[in-house]
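This report walks through a protein chain in the order of its helices, its core and its aromatic rings. Please keep the sequence and the model side by side while reading.

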Amino acid sequence: MNGVDYRDWDPRHDAYLTAHFGPQDLRGKQTNKELLIAAVHLDMAVSRPLVGMVTRLAEQKGIDLLFDALPSLLQERDFGLLVLGSGDPPYVAFFEGLARRFPGRVAFRNGYDESLAHLIEAGSDMFLMPSRYEPCGLNQMYSLRYGTIPVVRKTGGLADSVQHFDPGTGVGTGCVFNDYDAPAVRWAVGTALDWYNVPKSWQQLMQNAMAQDFSWTRRITEYDSLYRNLLGTIHVR
């Protein structure tokens with residue numbers, strides 16, 4: 001797995017944020033959510049859950065699963081959705097159409113905006129990554145640090161970095177689904193929305209997420225150990 005540069009991606013000192021926060025004081029996260037909702041012109045109460053995505057709009061990222069999953073979820077559940085990304089025209093057209101169909105609840109920004117990407121990580125409640133495959137992935141690790149609960153498919157680095165939450169034990173850091181199909185996405189998002197509606201469980205989940213450490217300090221040690229082990233298997237003739 002890759003590491004995260006917490007000099008750039010940490011809500012306690014993120015240069016793109018005007019309101020900073022950490023695991024011991026989450027008031028700044030609420031402020032960032034308010035700023036995010038206003039910035040993209042969503043018409044929703046700050047108390048309602050907000051799902052964010054920052055992604056390439058490509059087949060690898062599982063966007064095709066959302067064609068069936070998101071419209072039905074938006075009809076059945078009360079939440080907002082914000083997507084920042086660019087890529088294949090059919091996926092762009094889908095999100096543009098979704099924003100027109102659900103005005104005030106869905107916002108789509110075509111392209112990439114570094115400042116908005118940081119605000120999405122800081123102000124969203126959940127971060128959706130339904131990837132077909134993901135060798136490592138970084139946004140789920142950013143999301144953990146910002147207390148933005150990752151909703152991810154169990155593949156590659158997503159499976160390695162996010163542990164499915166158990167409200168009974170209070171253990172876990174996100175919502176993980178197995179199958180690559182629309183019903184699995186609907187289940188995962190619905191499950192996360194149910195957790196959000198239980199403040200005590202949600203608070204525990206956020207604390208668990210923000211306690212994770214995917215820094216390069218840890219990764220360098222692991223790489224060093226790996227290379228030393230490999231060198232030990234080489235026999236010079």
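Helices (DSSP runs of H or I with at least four residues) and strands (DSSP runs of E with at least two) are numbered from the N terminus. The model is a predicted one, in which local features need pLDDT of at least 70 and side-chain atom pairs count only at pLDDT 80 or more, whereas totals for chains, interfaces and linings use all residues. Residues are numbered from 1 along each chain as its sequence is written, and side-chain values use heavy atoms, with hydrogens and water left out.

Alanine 99 belongs to helix 3, which covers residues 89-101. Not counting residues up to four places away in sequence, alanine 99 touches Val106 and Phe108, where contact means heavy atoms within 4.5 Å.

How are two packed helices described? They are described by the angle between their axes and the distance between the axes. Helix 2 (residues 63-76) packs with helix 3 at an angle of about 5°, and their axes are 11 Å apart; the axes are lines fitted to C-alpha atoms, for helices over the stretch in contact, and the angles run from 0 to 180 degrees between N-to-C directions. Helix 2 is therefore roughly parallel to helix 3, a term for angles under 35 degrees, while those over 145 count as roughly antiparallel, 65 to 115 as roughly perpendicular and the rest as oblique. Residues that make the contact include Leu66, Phe67 and Leu70 of helix 2 and Phe94, Phe95 and Leu98 of helix 3.

**The nonpolar core**

The largest nonpolar core has 76 residues, and those with the most contacts inside it are Leu66, Phe95 and Leu98. Such a core is a set of buried Ala, Val, Leu, Ile, Met, Phe, Trp, Tyr and Cys residues joined through side-chain atoms within 4.5 Å, where buried means under 20% relative accessible area, exposed over 50%, and partly exposed in between (1.4 Å probe, protein chains only). Helix 7 (residues 182-196) supplies the largest share of this core, nine residues. Leucine 98 touches Leu70, Pro71, Leu74, Leu81 and Val106, again not counting residues up to four places away in sequence.

**An enclosed helix**

Helix 4 (residues 114-123) is largely enclosed by the rest of the structure, because eight of its ten residues are buried. Among these buried residues are Leu116, His118 and Glu121, and what covers them includes helix 1 (27-39), strand 1 (50-57) and helix 5 (139-145).

**Aromatic rings**

A search of the whole structure finds eleven aromatic pairs. Rings of Phe, Tyr and Trp (its six-membered ring) pair if their centres lie within 6.5 Å, and planes under 30 degrees apart count as stacked, over 60 as edge-to-face and the rest as tilted.

| Pair | Type | Centre to centre | Angle between planes |
|---|---|---|---|
| Tyrosine 196 and tryptophan 202 | edge-to-face | 5.3 Å | 75° |
| Tryptophan 216 and tyrosine 223 | stacked | 6.4 Å | 25° |

Tyrosine 196 counts as buried at 15% relative accessibility, and tryptophan 202 counts as buried at 5%. Tryptophan 216, by contrast, is partly exposed with a relative accessible area of 34%, and tyrosine 223 is partly exposed with 30%. Elsewhere, Phe67, Tyr91, Phe94, Phe95 and Phe108 form one aromatic cluster.
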